[in-house]
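Subject: Structure for you to look at

Hi,

Here's the structure I promised to pass on. Have a look at it first, then read my notes below.

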Amino acid sequence: MDNDLQDGQVLEMMLLPILVGLLHLASAELPWWKTSIMYQVYVRSFADSDGDGNGDLRGVIGKVPYLKDIGVGIIWLSPVFSSPWKDMGYDIDDFLKVQPLFGTNQDLEELIKVVHDYGMKIFLDFVPNHTSEEHAWFNASRNRQDGKDDYYVWYDPSGYKDGVPQPPNGWKSIFGGDSWTYDETRKQFYLHQFGPFQPELNFTNQKVIDDMKDIMRYWLDKGLDGWRMDAVPFLVEDKQLREEPYIPNCTRKIPGTCMYHIWTQNQPETYEVMKEFDELLLEYENTNPKHLFLEAYANASQVMAYYQEHSTPFNFDLVTAMKQDTNATTLRRIVDGYMNNLPNGGWPNWVTGNHDNLRVGTKLGPEMVDPMLMLQLMLPGVSVTYQGEEIGMKDTFLRDDLKVDVTGDDRDAERSPMQWNKRRNAGFSRARKTWLPVNPNYYQLNVQNQQVDPSSHLRLYKRLAKVKKEFSDSIELETATYGDWVFAFKRTNKNKVYYVVINLDNYEQSVPLSKLFKNVPDILHVHTTSINSHYKINNILRKGSKVKLYPRSSIGLFSTTV
């Protein structure tokens with residue numbers, strides 16, 4: 001039997017398209033961040049300029065032309081501030097000083113200038129929830145000095161057992177163990193929802209909020225275009241210290257990840273703090289507009305509540321919900337659900353990976369790299385790319401003696417160095433040994449090879465980044481499914497139409513376009529194809545034809561040639 005429509009095969013069509021926010025504004029009228037591709041640079045693994053085995057800011061400077069060439073509009077750097085580096089820079093001891101491993105403040109200011117010279121924007125990672133235990137504020141707070149008594153979350157013991165002070169309550173850290181550590185100097189417990197080396201700042205103290213705003217201003221005044229704000233839901237906790245319930249039958253190895261965090265995350269006061277951060281950007285609105293992107297793993301209503309005039313929460317739905325066995329119906333529900341939940345004026349974004357999650361090629365399989373790039377780049381709104389996704393990098397295997405992540409999350413595999421070419425260390429570094437090993441597949445999978453291969457992931461990425469601009473001022477979207485395993489969507493902007501069709505099945509599918517969407521143009525041009533495709537670029541498909549798709553493949557069709 002072929003895979004055309006058979007008796008008993010279910011045909012699902014979206015007859016009522018999601019026409020979300022029919023915005024046909026001139027691109028010049030939209031804020032710059034709405035029309036950009038954001039690219040996450042994990043600095044330590046991106047490019048090493050001095051041969052010490054660690055990526056650095058001057059290495060990033062050298063790669064700015066590459067990022068411009070592939071269509072990136074915003075470069076976001078993972079943490080670059082001074083840190084003991086117990087959590088890869090997310091434990092900061094000085095927000096105004098660059099980590100010496102990466103360079104100097106002058107290097108960062110030069111990078112900002114170079115990025116702007118290339119017509120792009122730059123964001124830094126901001127970690128407001130906590131500091132390093134080595135931060136001067138924490139030392140002052142534990143000693144009740146310099147007006148820093150209440151800069152952190154301190155509580156008395158709940159009691160003593162055999163003379164040992166007991167934690168204030170049973171809250172658990174998402175890195176493992178209790179969320180409380182007893183400080184012998186202050187004779188109280190301090191809160192840490194991550195590692196004990198990351199004490200939580202007290203955001204019910206207005207002085208803390210004001211100091212963090214001053215830090216933000218310091219770098220914004222130096223030309224920074226915005227912040228990616230880390231761990232936003234954790235900013236404020238319940239002052240009554242109410243206990244959090246456990247998730248029934250949860251089998252995760254870290255108890256803190258098996259709890260409903262109803263009292264330590266997404267508290268009403270957290271949204272008030274974020275409102276203050278958002279209002280700070282009003283100071284720049286008429287001169288050099290800025291923006292915030294927020295990390296908030298939470299349910300849909302909680303995430304959408306973080307939208308503000310200058311603040312956009314990342315959309316992690318494709319990261320958290322997309323699995324190897326996800327079918328078309330589920331994918332459509334993910335996409336439509338997100339678009340339908342957007343608040344009035346909210347602008348969509350799509351994240352498929354980052355430094356904390358398995359890479360697409362590992363999680364979903366290498367054959368899904370191109371389909372996921374088509375989703376990320378052609379769904380409406382801002383596309384967010386983690387370094388290496390554009391070439392389909394996979395997580396690398398690491399023996400235990402090569403791992404450096406001490407948090408218990410085993411996140412090293414997705415943080416391996418960028419694969420630039422087939423020379424030593426994939427061109428990342430000339431050092432004999434790099435901070436993490438390069439994936440051994442670099443001799444074949446690298447930027448240099450893909451730049452000259454017309455069917456590569458990178459060439460597909462660049463084509464999609466270019467055509468994305470044709471639709472960047474519209475978030476009009478129509479989705480459809482064919483059977484259980486074919487997902488499709490249609491983008492429209494004035495007289496331009498673009499279709500993406502993805503086969504999630506392990507079997508070949510033959511899909512009649514006219515059964516998916518109404519008013520299909522008489523002629524469509526093949527614009528992009530996944531590596532495993534029946535078609536070549538610029539092939540022509542006519543309205544009544546069927547699109548043949550190999551297992552786990554995709555195709556992009558345009559109403560004109562590009």
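Predicted model: local features only at pLDDT ≥ 70, side-chain atom pairs only at ≥ 80, totals over all residues.

A quick definition to start: a disulfide is a pair of cysteine sulfur atoms within 2.5 Å.

The link between Cys-250 and Cys-258 is left-handed, with -65° about the S-S bond. Buried or exposed, what is Cys-258? Its relative accessible area is 5%, so it counts as buried, since buried means under 20%. Cys-250 has 24%, so that cysteine is partly exposed.

Next, the aromatic rings. How many aromatic pairs does a search of the whole structure find? It turns up 35. One of them is Trp-32 with Phe-123, an edge-to-face pair with 6.0 Å from centre to centre and 75° between the planes. These two come from distant parts of the chain, 91 residues apart: Trp-32 sits in the segment before strand E1 (37-41), while Phe-123 is in strand E5 (residues 121-126). Trp-32 is buried at 18% relative accessible area, and Phe-123 is buried too, at 0%.

Phe-123 also pairs with Phe-293: the ring centres are 5.9 Å apart and the planes are at 50°, so this pair is tilted. Because Phe-123 is in strand E5 and Phe-293 is in strand E12 (residues 291-294), the pair ties together parts that are 170 residues apart in sequence.

Lys-63 lies over the face of Trp-420, at 4.0 Å from the ring centre. Arg-242 does likewise with Trp-263, at 3.8 Å from the ring centre.

Last stop: Ser-553, which lies in strand E23 (residues 553-558). Its relative accessibility is 1%, so Ser-553 counts as buried. A polar atom of the Ser-553 side chain lies 2.7 Å from the backbone oxygen of Tyr-550. Leaving aside neighbours within four places in sequence, Ser-553 touches several residues, among them Pro-371, Val-501 and Asn-532.

Cheers

Key: Residues numbered from 1 in each chain as written. Heavy atoms only, no water. Buried < 20%, exposed > 50% of the residue type's maximum accessible area, 1.4 Å probe, protein only. Helix = DSSP H or I, 4+ residues; strand = E, 2+ residues; numbered from the N terminus. Polar contact = N/O pair within 3.5 Å; in protein donor to acceptor, adjacent residues only side chain to side chain. Contact = heavy atoms within 4.5 Å. Phe/Tyr/Trp six-rings, centres within 6.5 Å; stacked < 30°, edge-to-face > 60°. Lys NZ or Arg CZ within 6 Å of the ring centre and 35° of its normal.
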